[in-house]
Amino acid sequence: MSQPIFYDCLNCPSYCCTYPRIAVTKRDVERLARHFDIPYEKARERFTKKGATARERVLRHQKDDLFGSACRFLDLETRLCTIHKARPEVCRRHPVRPTCAYYTFLMAERRDQNDPEMFVRAYNLPEDLQL
């Protein structure tokens with residue numbers, strides 16, 4: 001039996017897509033390569049960069065006016081994933097619990113400020129903005 005969830009991703013400005021480190025696996029890159037009909041090495045080079053360790057690869061980012069930077073596959077107007085069917089495993093599993101801490105915080109702020117459209121701004125450190 002599945003657990004109930006207590007968040008609505010469509011009512012969020014995609015905060016999780018702004019994490020500076022969105023790690024991807026070889027299988028994720030292969031999925032992206034198939035999605036874009038390009039060779040694996042080209043997908044790896046175009047869509048990822050070196051991560052925290054020599055073996056880790058993370059998704060590249062783009063400039064984002066709300067949070068500083070965001071996943072290169074986030075549509076900055078709709079705040080939706082442009083590769084939803086081909087998204088990495090880490091994105092498929094997120095959040096891993098029936099609640100999302102950012103969503104809970106966002107909903108509390110919207111309620112307290114009486115502003116259903118507000119977003120809570122977060123900033124990446126300048127060294128994390130390696131687009």
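The model is predicted. Tyr-19 forms an aromatic pair with Tyr-15.

Tyr-15 has another ring partner, Phe-67. This pair is also edge-to-face, at 5.4 Å centre to centre and with 70° between the planes. Where do the two residues lie along the chain? Tyr-15 is in the segment before β1, and Phe-67 is in the loop between β4 (61-64) and β5 (68-71). The pair therefore ties together parts that are 52 residues apart in sequence. Phe-67 has 1% relative accessibility, which means that Phe-67 counts as buried.

Another ring, that of Phe-73, has a charged neighbour: Arg-72 lies over its face, at 5.4 Å from the ring centre.

Now turn to the strands. Strands of a sheet pair through backbone hydrogen bonds, either parallel or antiparallel. Here, three strands form an open sheet in the order β1-β3-β2, and the pairing is antiparallel. β1 (23-24) and β2 (48-50) stand at the edges. Each has a single partner strand, so one side of each is left without a neighbour in the sheet. Three bridges join β2 to β3 (residues 57-59). In one of them, Thr-48 is partnered with Leu-59 of β3. Helix α2 (residues 40-47) packs on this sheet and touches β2 and β3. The direction of α2 makes about 70° with that of β2.

Note on methods. Residues numbered from 1 in each chain as written. Predicted model: local features only at pLDDT ≥ 70, side-chain atom pairs only at ≥ 80, totals over all residues. Heavy atoms only, no water. Pairing = 2+ DSSP bridges. Helix = DSSP H or I, 4+ residues; strand = E, 2+ residues; numbered from the N terminus. Contact = heavy atoms within 4.5 Å. Axes fitted to C-alpha atoms, helices over the stretch in contact; angles between N-to-C directions. Phe/Tyr/Trp six-rings, centres within 6.5 Å; stacked < 30°, edge-to-face > 60°. Buried < 20%, exposed > 50% of the residue type's maximum accessible area, 1.4 Å probe, protein only. Lys NZ or Arg CZ within 6 Å of the ring centre and 35° of its normal.
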